[in-house]
Amino acid sequence: MSVQLTREQLLTIAREYGTPVYVYHAEKIKAQFQKLTSAFSILDTKIFYACKALTNIQILRYVKSLGCNIDCSSFNEVQLALHAGFDPRQILYTSNGISFSEIQDAVKAGVHINIDSLSNLEKFGQAYGHDYPVGIRLRPNIMAGGNMKIATGHDRSKFGIPVEQHREILNLVQQYQLHVRTLHLHSGSDIKEPEVFVKGIEILFDLIPHFPELEVLDLGGGFKVPYSSEEKETPLPELAHQLKSAFDLHPLANGKSLQIWFEPGKFLVSECGYLLVSVNVLKDNTKEVFAGVNSGLNHLIRPTLYDAYHRIENLSNPDGVMKPFTVTGYICETDTFATDRLLNQVREGDVLAIYNAGAYGFEMSSNYNSRLKPAEVLVEGGMSRLIRRAEQFEDLLRFQENL
Ligand SMILES: *Cc1c(COP(=O)(O)O)cnc(C)c1O
């Protein structure tokens, strides 16, 4: 059964809170979390929500209430997670390219840490030796996921320590008696093939015997969710079975059974989110009809940045004739949400819903063109409430005047 907000619910929210507005549906996050836990129940697994997808503090609290752990990509995210009430042991900090001082802050906070460079690994060894367990982020050199811009595991990627440098890693481990608890991989986003994760784990299997204190294999995130009706999400039950057989084929070193960690971001929060916008102007340029909306790449940059497809629906005119519209924003850049998209006849003033807006939507928003960031609303148990107010003009000046 699909968990979704209805057209009427969305229209009511647009009327009550105005547009543009981001709407999140709590029960959808819960349903996605349950899919993960039930598929992976055949393995010893822990789920860490990659919160860079959506960090609204109420969302973090809700995710915590589900019993989910959290993965952070900056120390500020670690602080948000602590603020939301997560226990340090539920928090994972997977860093890349950060200064060592942030790693020291993370150690002080007592959270799990994955390190992604030989340089920081060496500094870690010098500072903590065997005293603080650590994870090592490896670059598996596999190309995976939706497109090059969101792939992180290939052989030109900045992420992780290339596996072919395992000698250097082992030297550091030996020199500083590092307590390596976790080996980590994160190959990219929008990965629909279970085989990518299996390939990743195969690469790790070869390294396991070198790390006697290993407890965790962290396979990162990147599960795919459908953005269009032709797309399918990563088949999790199949993935779980493939991983289980891979484990069964590899009797593990030291007789220890390893725990598997995952860091899904998009999978948990993409589909729970809707960006509601209103149509400002219709413009017929004879080749196409533009529907210019009161939003743009300042609120949702994924179409511009990644050529991402987002399903769009005209909520106000569900019985209108289907016609092609090019949905564009109001920013002084080409910020096209959709080209020649078939929509129910669009009229000025209509409210459009942009789907799959929960992950990397509000989170990547900006004040470009001195536009204001929109409100965020959470629907839980059929009730909606404001979880971030819309910015006002004064907010633009807040950090500039009276210094
Ligand atoms: C971004 C990120 C994730 C989440 O990726 P999704 O595609 O949103 O699932 C997980 N782990 C790490 C290290 C990341 O950087």
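Reply: What follows describes the ligand site and then a few features elsewhere in the chain.

The model is predicted. In it, the ligand takes up the space of the largest pocket. There are 14 residues around the ligand, and those that come nearest are K52, S189, E263, K266 and Y360. Sorted by class, the shell consists of 3 nonpolar, 6 polar and 5 charged residues.

In the side chain of E263, an N or O atom lies 2.6 Å from a nitrogen atom of the ligand. The side chain of Y360 also supplies an N or O atom, here 2.6 Å from an oxygen atom of the ligand.

The structure holds 15 aromatic pairs. One of them is formed by F223 and F262, with the ring centres 5.3 Å apart and 55 degrees between the planes, which makes the pair tilted. This pair links distant parts of the chain, as its members are 39 residues apart. F262 belongs to strand 10, residues 259-262, while F223 is in the loop that runs between strand 9 (216-218) and helix 9 (236-249).

Two points of backbone geometry may also be worth checking before the model is used. Most peptide bonds are trans, and most residues other than glycine have a negative phi. The bond between T19 and P20 is a cis peptide bond, with omega at about -5 degrees. P20 is located in the loop between helix 1 (7-17) and strand 1 (21-25). D307, which is not a glycine, has a positive phi near 55 degrees. This residue lies in the loop between helix 11 (302-306) and strand 13 (312-314).

Key
Residues numbered from 1 in each chain as written. Predicted model: local features only at pLDDT ≥ 70, side-chain atom pairs only at ≥ 80, totals over all residues. Heavy atoms only, no water. Near = heavy atom within 4 Å. Polar contact = N/O pair within 3.5 Å; in protein donor to acceptor, adjacent residues only side chain to side chain. 1 Å grid on protein atoms, 1.4 Å probe; cavity = no way out; pocket = protein on both sides within 12 Å on 5 of 7 lines; lining within 4 Å. Sits in = over half its atoms within 2 Å of the grid points. Nonpolar A, V, L, I, M, F, W, Y, C, P; charged D, E, K, R; others polar. Phe/Tyr/Trp six-rings, centres within 6.5 Å; stacked < 30°, edge-to-face > 60°. Helix = DSSP H or I, 4+ residues; strand = E, 2+ residues; numbered from the N terminus.
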